[in-house]
Amino acid sequence: MDFLEEPIPGVGTYDDFNTIDWVREKSRDRDRHREITNKSKESTWALIHSVSDAFSGWLLMLLIGLLSGSLAGLIDISAHWMTDLKEGICTGGFWFNHEHCCWNSDHVTFEERDKCPEWNSWSQLIISTDEGAFAYIVNYFMYVLWALLFAFLAVSLVKVFAPYACGSGIPEIKTILSGFIIRGYLGKWTLVIKTITLVLAVSSGLSLGKEGPLVHVACCCGNILCHCFNKYRKNEAKRREVLSAAAAAGVSVAFGAPIGGVLFSLEEVSYYFPLKTLWRSFFAALVAAFTLRSINPFGNSRLVLFYVEFHTPWHLFELVPFILLGIFGGLWGALFIRTNIAWCRKRKTTQLGKYPVIEVLVVTAITAILAFPNEYTRMSTSELISELFNDCGLLDSSKLCDYENRFNTSKGGELPDRPAGVGVYSAMWQLALTLILKIVITIFTFGMKIPSGLFIPSMAVGAIAGRLLGVGMEQLAYYHQEWTIFNSWCSQGADCITPGLYAMVGAAACLGGVTRMTVSLVVIMFELTGGLEYIVPLMAAAMTSKWVADALGREGIYDAHIRLNGYPFLEAKEEFAHKTLAMDVMKPRRNDPLLTVLTQDSMTVEDVETIISETTYSGFPVVVSRESQRLVGFVLRRDLIISIENARKKQDGVVSTSIIYFTEHSPPLPPYTPPTLKLRNILDLSPFTVTDLTPMEIVVDIFRKLGLRQCLVTHNGRLLGIITKKDVLKHIAQMANQDPDSILFN
């Protein structure tokens with residue numbers, strides 16, 4: 001009886017923690033597309049179906065953009081409100097944050113625009129005064145208490161409902177986009193819990209950002225919406241194209257940088273990025289940014305909290321301090337990656353990893369206790385970056401803008417360089433302390449069991465360093481105008497140096513040092529700040545930081561975490577330079593037992609079931625006979641199990657002694673023998689093969705470019721062995737003097 005004419009549910013799908021077969025998935029999609037195209041000529045209904053199938057990708061991008069933008073707006077508004085809740089509450093309406101509360105007040109002066117009778121600090125509510133030591137202690141206590149409450153809720157929700165909602169999510173998304181399957185990582189529970197706990201984690205005042213996790217949130221939206229469309233639900237390769245576009249939408253709403261989002265997806269997270277995905281990513285990022293702009297979460301008609309405009313052009317000499325900031329960014333990036341990975345490894349290998357709630361509460365308590373006395377650590381990191389990027393105007397009341405005014409008129413609305421006042425010197429000391437705290441505490445925060453992004457803390461470290469250097473340069477230019485380096489371009493009473501620009505360049509340098517982004521980083525930074533003419537300083541800093549960081553360690557933070565977690569990710573950027581051959585890597589080795597194979601027409605159902613139960617392999621080569629070892633094809637373990645189970649239920653007479661045929665035609669059976677089971681339909685008749693003398697650099701290239709799961713090794717047409725993706729990764733690790741057993745996902 002011919003079996004498997006109808007496709008069986010489950011055949012062609014994958015188990016959890018397995019790698020997809022890109023070649024098979026692409027081939028199936030081409031077959032599906034060919035069938036729809038051929039049918040479209042037969043009837044109007046089929047033509048409509050063909051058009052809707054072609055349009056479904058764009059509709060899906062529209063939905064992903066709308067959902068990602070809406071969730072990002074919700075997260076921004078909620079985080080802003082809950083961050084302010086640590087310091088006080090609005091009596092005019094508890095749902096207003098500090099800024100919105102004082103907007104509607106009639107008792108606000110311009111100098112003290114953050115003070116209004118409607119906004120009450122906790123000491124005013126509890127002991128009816130805001131003056132004195134006791135009021136300070138009450139505010140301090142409430143600040144720490146709220147921080148601990150938010151952090152406890154975040155870690156508890158993650159631990160109980162969605163363990164996959166912790167971390168930034170980018171290392172796992174890179175791995176998933178390379179073809180690995182982690183079921184539930186992009187599921188609805190993960191989306192709900194990540195959205196809620198991200199708000200809580202950011203509001204707790206910990207040194208983390210929401211930008212990385214927003215990429216995870218957008219990818220969850222993409223994965224969930226894929227289930228509404230047959231084309232993407234049933235094809236893992238097509239779904240990964242959607243996830244690449246969703247990652248672009250995530251960065252688009254995180255930074256208000258749609259083009260930067262597309263480039264980030266291309267440069268940093270995507271494994272396979274065809275031109276069609278580029279256009280769709282662009283559309284998804286556009287819709288997401290438009291949705292966020294419509295919500296207007298910051299009330300400034302901008303997509304980001306730290307949008308700035310600088311008015312002074314930069315000068316060629318300033319490239320020297322910009323490159324110094326690049327060197328600082330590279331050094332900080334390399335230091336951070338080494339120390340953070342060492343701490344995360346300690347967490348994985350010691351008792352520390354068993355107590356995530358206690359760890360989060362201890363780090364939160366230390367952060368909150370050290371942060372409250374210093375106004376720059378007490379404010380949210382986004383507000384701090386906004387303050388550091390700011391170009392001082394006449395009406396600025398910030399300490400960073402407390403200069404001595406020794407002029408009568410300002411030229412064209414621009415302020416000349418001025419000597420620093422008491423406020424600036426005080427702010428410099430506070431910023432230096434903030435820098436030390438941020439550098440140290442971020443190492444222990446990233447990787448805890450709560451949603452934690454790294455973009456904002458890295459940018460804060462760079463922005464502080466940049467602002468300190470910028471103010472130093474500004475004062476140097478003011479007091480030593482006669483120096484050769486200044487007198488050619490900086491005249492008396494001119495606005496020569498913009499400290500905010502140095503902060504921006506420093507932020508880009510540190511973010512580049514940690515993530516090793518270059519092109520996408522520069523585009524994100526100029527989209528953030530609207531500073532097109534500052535592309536060259538940004539490029540110089542980003543490139544320098546990458547060179548310095550690469551000299552001290554090849555991996556970016558996300559690649560380092562992929563390796564730490566043992567994900568089977570084949571890095572496309574690294575060259576394989578060793579002179580080994582396929583026969584050196586294939587299984588079985590010389591003294592190993594023979595390769596487990598199936599024969600095409602001589603094994604019973606019982607024989608195959610015994611092999612399945614005694615081995616854990618993901619698939620089996622099929623040969624003509626054990627003697628000849630001539631290769632016929634390759635069959636996946638999961639497909640075999642599902643097909644045999646299905647045949648036992650639905651096909652009459654299939655028993656343990658029934659013979660399984662992988663051939664086109666089965667020979668006529670003698671009477672009274674049980675019916676045969678034909679499984680040719682699940683056999684891959686064109687498995688990828690290489691000869692035993694193929695250099696490993698070619699094999700590695702084939703695995704990277706085709707996204708293979710396994711490759712069979714032959715000699716004169718006879719099957720010798722098999723090389724899996726895991727074997728390739730182990731071999732690369734061995735050649736780099738690393739532990740090859742670390743490539744086993746746990």
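How many helices and strands does the secondary structure of the chain come to? In this predicted model, the secondary structure comprises 28 helices and 11 strands.

**Figure 1. Overall dimensions and domain division of the chain.** The C-alpha trace spans about 110 × 60 × 55 Å along its principal axes. For 746 residues, a compact globule would have a radius of gyration near 27 Å, and the value of 30 Å found for the chain agrees with this. The chain is divided into domain 1 (79-293), domain 2 (323-403 + 415-554) and domain 3 (580-734). Between the C-alpha centres of domain 1 and domain 3 the separation is 47 Å.

Figure 2. Of the 746 residues, 55% count as buried. When contacts between residues at least 6 apart in sequence are considered, 73% join residues at least 24 apart. The accessible surface amounts to about 33000 Å², and carbon and sulfur atoms account for 61% of that area. There are 66 positive and 71 negative side chains, with the centres of the two sets 7 Å apart.

Figure 3. Helix H6 covers residues 170-177, and eight of its eight residues are buried, so the helix is largely enclosed by the rest of the structure. The buried residues are Ile170, Pro171, Glu172, Ile173, Lys174, Thr175, Ile176 and Leu177. Their cover includes helix H1 (22-39), helix H8 (211-226), helix H10 (236-255) and helix H11 (258-269). Helix H18 (455-479) and helix H23 (557-565) are also included in this cover. Glycine 179 follows H6 and has a positive phi, near 115 degrees.

**Figure 4. Leucine 275 in helix H12.** Leucine 275 belongs to helix H12, which comprises residues 275-295. The residue counts as exposed because its relative accessible area of 52% lies over the 50% cut-off.

**Figure 5. Asparagine 681 in the loop between strands E8 and E9.** The loop that holds asparagine 681 runs between strand E8 (677-678) and strand E9 (689-691). With a relative accessible area of 56%, asparagine 681 is exposed.

**Figure 6. The cis peptide bond at proline 588.** Most peptide bonds are trans. Lysine 587 and proline 588, however, are joined by a cis peptide bond with omega of about 0 degrees. Proline 588 is located in the loop between helix H24 (582-585) and strand E3 (598-599).

Figure 7. A negative phi is found in most residues other than glycine. Glutamine 629 has a positive phi, near 55 degrees, and is placed in the loop between strand E5 (619-623) and strand E6 (631-636). Asparagine 716 likewise has a positive phi near 55 degrees; this residue is placed in the loop between strand E10 (710-715) and strand E11 (718-724). Is each of these residues buried or exposed? Glutamine 629 counts as buried because its relative accessibility of 16% falls under the 20% cut-off. Asparagine 716, at 65% relative accessibility, counts as exposed.

Definitions and conventions. Residues numbered from 1 in each chain as written. Predicted model: local features only at pLDDT ≥ 70, side-chain atom pairs only at ≥ 80, totals over all residues. Heavy atoms only, no water. Helix = DSSP H or I, 4+ residues; strand = E, 2+ residues; numbered from the N terminus. Rg over C-alpha atoms; globule rule 2.2 N^0.38 Å. Buried < 20%, exposed > 50% of the residue type's maximum accessible area, 1.4 Å probe, protein only. Contact = heavy atoms within 4.5 Å. Areas by Shrake-Rupley, 256 points an atom, 1.4 Å probe, with all protein chains shown as cover. Lys, Arg positive; Asp, Glu negative; His and termini not counted. Charge placed at Lys NZ, Arg CZ, Asp CG, Glu CD. Domains from an automatic or database assignment.
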